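Colleague: Please take a close look at one part of this model, the aromatic rings and the surroundings that go with them. One connected account will do.

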Amino acid sequence: MKKYFVILSILFCGLLVSCYTPSPLYGTWSDNDGNKIQFIDDGTFSATIKDSENQLVSYSGEWNVIDNVLMFSIKGDTTYSRNTEWDIRGAMLYLTWTANNNTKVLTLYHTAR
């Protein structure tokens, strides 16, 4: 019986140690101006961001986080990378989006979709 309990305890501890912690970025973030970024748990994203002429531009690619740096690898005619600092306070994501000579300071809210 003791042997069974020890084996079960080791398996349970292994399960707890192997649990993966989800990123707080997963899901959809948007604002009331039409800007939206969706972070998917496979490391990809899709975004719709207004440019300087208030036209919505779609982006997609891969994302990664190291400490407080959010790295976007944006795909298009060519793939290019952009890094930005990010911060989450409550259900609000703060970051600066830079792509195609378009720089926007964004405050996005975590949404259900």
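Modeller: L8 is placed in helix 1. Helices here are DSSP runs of H or I with at least four residues, strands are E runs of at least two, and both are numbered from the N terminus. The model is predicted: local features need pLDDT of at least 70, side-chain atom pairs count only at pLDDT 80 or more, and totals for chains, interfaces and linings use all residues. Residues are numbered from 1 along each chain as its sequence is written, and side-chain values use heavy atoms, with hydrogens and water left out.

L8 counts as partly exposed because its relative accessibility is 46%. The classes are buried under 20% relative accessible area, exposed over 50%, and partly exposed in between, with a 1.4 Å probe and protein chains only.

K2 is exposed because its relative accessible area is 72%.

Now the rings. Phe, Tyr and Trp rings (for Trp, the six-membered one) pair if their centres lie within 6.5 Å; planes under 30 degrees apart are stacked, over 60 edge-to-face, the rest tilted. The count is seven aromatic pairs. Y26 and W63 make an edge-to-face pair, at 6.0 Å centre to centre and 75° between the planes. This pair links distant parts of the chain, 37 residues apart: Y26 is in the loop between helix 1 and strand 1 (27-30), W63 in strand 4 (residues 56-66). Y26 is partly exposed at 22% relative accessibility, whereas W63 is buried at 11%.

F45 and F72 are also edge-to-face, at 4.9 Å and 70°. F45 belongs to strand 3 (residues 44-50) and F72 to strand 5 (residues 69-75), 27 residues apart. F45 is buried at 2% relative accessibility, and F72 is buried at 3%.

Ring pairs link Y26, F39, F45, Y59, W63, F72 and W97 into a cluster.
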